Amino acid sequence: MSEELVRVRVEGRTGVLTLNRPKALNALTHSMVATIAAALDRWERDPEVAAVVLTGAGERGLCAGGDIRSIHEDARAGGQASAAFWRDEYRLNARIARYPKPYVAIMDGIVMGGGVGVAAHGSVRIVTEGSKVAMPETGIGFVPDVGGTYLLALAPGELGAHLALTGAVMGPGDALLCGFADHFVERAQLPALLAALRTAPPGEVLHRHVRDAPSGELRANRSWIDACYSADSVEEIVERLLACGVPAAGEAAATLLTRSPTALKVTLAALRRARELGPLERVLEQEYRVSCAALSSADLVEGIRAQVIDKDRAPRWSPGTLAEVTDADVARYFAPTGGEGLSLAASASSQEVPW
C-alpha cells in the first residue's frame with residue numbers, strides 16, 4: 001500500500017519520488033514517510049543515482065501536510081500513533097536536510113505543513129507561478145513543526161513571526177525572499193527540467209530553466225511587519241497591528257483573533273527559542289516536544305473539527321482569549337515528553353551546493 005501512495009522509480013540518473021494521494025492533496029501518512037526514508041537510504045548507496053527529485057501527483061499541489069483526520073482521531077482517542085508518526089517524520093526532515101546528493105523539490109501548487117517538511121529542507125527547492133507555501137497550523141490549534149520554526153526563524157526581520165502566527169500563504173516571490181525556496185521555474189518548463197535532470201546534475205541544467213520570480217507582497221510590508229511583530233507578546237503584537245493604521249496590518253490582527261490563543265502564544269515562544277537553538281536538529285527536537293503536548297490539548301481536536309471535519313469554521317478555543325493563556329500554559333508545551341523523545345545528532349552544516 002505504501003508503495004502506491006509514493007511512486008518510487010529511477011529515471012536515468014535520477015531517483016524520483018512522487019507523492020501519490022492526489023484526492024487528499026498528497027497528505028502524508030506514516031507509511032509514506034517510511035517509503036521515502038527507505039528510498040533515500042537505497043539511493044544514497046547507489047552510485048547510479050546522482051540526484052533525487054520530489055514531485056506530487058495531480059494538478060493541485062505537492063503536499064498539503066500530514067493526514068490531519070488521522071491525527072484528529074488519534075487525539076480524540078488519547079493515542080500515541082501521531083507521536084510515532086511525527087518522530088519518524090521529523091527524522092526524515094533532518095535526513096533530507098543532510099542528504100549527500102542533490103535533493104530537488106518541485107514545490108508547485110499547494111505546499112503546506114508537512115509538505116514544507118519534505119521539500120523546503122532540500123538542497124534545490126523550486127517554486128512556480130502556482131506555488132502556495134504556508135505553515136497554517138495556528139488555525140487548527142497546532143504549532144508550526146517539520147522544521148518550520150527553524151525556517152521561519154531565519155526569515156528576514158519579523159516576516160517569520162507574521163507567517164507563523166497568521167498562517168499567511170507565500171507565493172513564489174515571497175517563498176524565495178523568506179528562504180523557503182531557491183529558484184523560480186515556470187510550470188511550462190517543468191517537464192523539460194525533469195527530463196534534463198535524468199542525464200545531468202542540477203548545477204548543469206538549472207540555468208537553462210530558471211527565471212525571475214513574480215514580485216511578492218512581503219518585501220513592501222517589511223516596515224509595519226517588523227515594527228509590530230517585534231513586540232514581546234502576542235497581545236502587544238495585536239495592539240500594534242491595530243494601531244499602526246495600515247489596512248493590511250488590521251487584516252492581520254483580525255486573522256490572529258480567529259486563531260487559537262494558546263497556539264499563538266506557543267508559536268511565538270517556539271519561534272523565539274528556535275533562533276537560539278542552533279542547527280535544525282535541535283529545533284526539531286523542540287518541535288517534537290511541542291507537538292506531543294498539543295496532541296493532548298483541547299484546541300487541536302477542536303481546531304481540526306472546525307476546519308476539516310465539520311467545516312463550520314467556528315472553533316471554540318479553550319482558553320478563549322489571549323489574556324487567559326498563562327505563562328505556565330505555554331511552558332507546558334516545552335517540557336520533556338513523557339514517553340520516547342526525539343534525539344537527533346546534529347551533523348555538520350548542510351553541504352553547500354553551487355546552484
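The model is predicted: local features need pLDDT of at least 70, side-chain atom pairs count only at pLDDT 80 or more, and totals for chains, interfaces and linings use all residues. Residues are numbered from 1 along each chain as its sequence is written, and side-chain values use heavy atoms, with hydrogens and water left out. Helices (H or I, at least four residues) and strands (E, at least two) are DSSP runs, numbered from the N terminus.

**Aromatic pairs**

- Two aromatic pairs turn up in a search of the whole structure. Rings of Phe, Tyr and Trp (its six-membered ring) pair if their centres lie within 6.5 Å; planes under 30 degrees apart are stacked, over 60 edge-to-face, and the rest tilted.
- Tryptophan 86 and phenylalanine 142 are stacked, at 5.4 Å centre to centre and 20° between the planes.
- This pair links distant parts of the chain, 56 residues apart: tryptophan 86 is in helix H4 (residues 81-97), and phenylalanine 142 is in the loop between strand E8 (132-134) and helix H6 (148-154).
- Both tryptophan 86 and phenylalanine 142 are buried. Buried means under 20% relative accessible area, exposed over 50%, partly exposed in between (1.4 Å probe, protein chains only).
- Tyrosine 90 and tyrosine 288 pair edge-to-face, with 6.2 Å centre to centre and 90° between the planes.
- Tyrosine 90 lies in helix H4 and tyrosine 288 in helix H15 (residues 280-295), so the pair ties together parts 198 residues apart in sequence. Tyrosine 90 and tyrosine 288 are both buried.

**Charges over rings**

- Arginine 273 lies over the face of phenylalanine 334, at 3.9 Å from the ring centre. The criterion is NZ of Lys or CZ of Arg within 6 Å of the ring centre and within 35 degrees of the ring normal.
- Arginine 332 puts its charged end over the ring of tyrosine 333, 4.7 Å from its centre.

**Largest pocket**

- The largest pocket holds about 950 Å³ of space. A pocket is an open set of points on a 1 Å grid over the protein atoms alone, where a 1.4 Å probe fits, with protein on both sides within 12 Å along at least five of seven lines; lining residues have an atom within 4 Å of a point. Volume is the space filled by probe spheres set on the points, which are joined across faces, edges and corners.
- Its lining has 38 residues, and Ala64, Ile68, Pro136, Ile140 and Val308 lie nearest the centre.
- Helix H3 (68-77), H4 and helix H16 (298-309) each give two or more residues to this lining. H16 gives the most, with four.

**Helix H11 and serine 230**

- In helix H11 (residues 222-229), the buried residues are Trp224, Ile225, Asp226, Cys228 and Tyr229.
- Serine 230 is in the loop between H11 and H12. Serine 230 is partly exposed, with a relative accessible area of 36%.
- Beyond neighbours within four places in sequence, serine 230 is in contact (heavy atoms within 4.5 Å) with Glu158, Arg240 and Arg272.

**Backbone geometry**

- Most residues other than glycine have a negative phi, and most peptide bonds are trans.
- Asparagine 26 has a positive phi, near 60°. Asparagine 26 is buried, at 0% relative accessible area.
- Valine 146 also has a positive phi, near 45°. Valine 146 is buried, at 1% relative accessibility.
- Serine 318 and proline 319 are joined by a cis peptide bond, with omega about -5°.
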